[in-house]
Amino acid sequence: MRAAPADGVRRGAARGRFRAAIRRASAAVLALAISNALVACEPAQSTGYPPNETGAPAEVGTRPLQLSPTEFATDLVTPAGIRVKTNGQYKTEAARKAAALAIDRYWNEVRSCASGVERPGDTDVHDLTDEFPRYLAVEIANNWKVVEGPATHHRMQAFPSLERRGSWSTARRREDALYIVVVPELNGFGPQMVNELNLWLMKNANVPPTADLVTACASVACLRFNYNNAPSQTWNECKQ
């Protein structure tokens with residue numbers, strides 16, 4: 001009969017060890033929950049272009065079609081946020097400012113036309129359209145020559161066509177990126193910008209626009225620079 005107290009002690013010790021294990025497991029679960037909560041509350045990092053306000057390099061991925069800063073060497077940003085690679089062709093600050101303003105004037109024309117064909121109350125398309133300039137990349141071609149236009153016979157700036165050997169072009173765009181190459185006079189820039197805006201909306205809108213933006217805005221007028229950038233065809237024939 002004297003063995004009974006020892007059995008009771010052993011049972012009590014076992015219960016104590018079990019309670020201690022439960023406390024340790026509970027503490028581990030609580031620590032994991034706290035850790036997960038802290039991870040969830042960490043501030044989100046900027047992953048899209050343009051970079052955040054500190055100027056840190058951004059990563060590609062939040063929106064398809066954009067070119068990252070490493071893919072596109074920007075040396076001019078217009079007031080609307082369009083990134084431009086000028087290839088050093090605007091030598092003075094006045095010329096650079098005139099080019100930037102001309103590019104933004106084209107965007108204003110395109111934006112005005114696009115707003116006319118948007119569905120009323122479609123905030124998704126409206127917001128995406130407002131975002132578009134910050135993701136567009138424009139390169140001013142430096143392999144252009146002055147050639148005679150086959151239809152107008154005006155002497156104008158153009159670069160070799162990639163689609164037709166021996167032909168010349170004043171503007172070109174990519175289908176896999178928001179990227180336009182254009183001659184310094186910007187001739188042909190408006191229609192190509194319309195095409196890129198349409199591509200942007202078709203790729204990103206929750207409900208793509210039903211209106212044919214390319215057809216509706218194909219006749220975006222050509223615009224003059226704020227100085228005579230002869231031999232530009234656009235100086236005499238495009239609107240002020």
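**A friendly note on this predicted model**

1. Not counting residues up to four places away in sequence, Leu186 touches Ala102, Ile103, Tyr106, Ile140 and Phe225. Here a contact means heavy atoms within 4.5 Å. Keep in mind that this is a predicted model, where local features need pLDDT of at least 70, side-chain atom pairs count only at pLDDT 80 or more, and totals for chains, interfaces and linings use all residues. Residues are numbered from 1 along each chain as its sequence is written, and side-chain values use heavy atoms, with hydrogens and water left out.

2. Buried means under 20% relative accessible area, exposed means over 50%, and partly exposed lies in between (1.4 Å probe, protein chains only). As background, nonpolar side chains tend to be buried together in soluble globular proteins.

3. Now the wider view. The protein has 6 helices and 8 strands. Helices (H or I, at least four residues) and strands (E, at least two) are DSSP runs, numbered from the N terminus. In that direction the elements run α-β-β-α-α-β-β-β-β-β-β-α-α-α. Of the 240 residues in the protein, 38% are buried. Among contacts between residues at least 6 apart in sequence, 56% join residues at least 24 apart.

4. How enclosed is α4? Since 13 of its 16 residues are buried, α4 is largely enclosed by the rest of the structure. From its first C-alpha to its last, α4 reaches 22 Å, close to the 22 Å expected at 1.5 Å a residue. That expected span is 1.5 Å times one less than the number of residues in the helix.

5. Two strands pair if DSSP finds at least two bridges between them. β4 is joined to β5 (residues 155-160) by 4 bridges, and Val147 has Met156 in β5 as its bridge partner.

6. Ser161 sits in the loop between β5 and β6. Ser161 counts as buried because its relative accessibility is 18%. Its side chain reaches the backbone nitrogen of Glu163 at 3.2 Å. Leaving out residues up to four places away in sequence, Ser161 touches Ser167, Trp168 and Ser169.

7. Finally, look at Glu118, in the loop between α2 and α3. Glu118 is buried too, at 18% relative accessibility. Although Glu118 and Pro209 are 91 residues apart in sequence, they are 6.9 Å apart in space, C-alpha to C-alpha. A polar contact of 3.4 Å joins the side chains of Glu118 and Thr129. Such a contact is a pair of N or O atoms within 3.5 Å; within protein, one must be able to donate a hydrogen and the other to accept it, and residues adjacent in sequence count only if both atoms are side-chain atoms.
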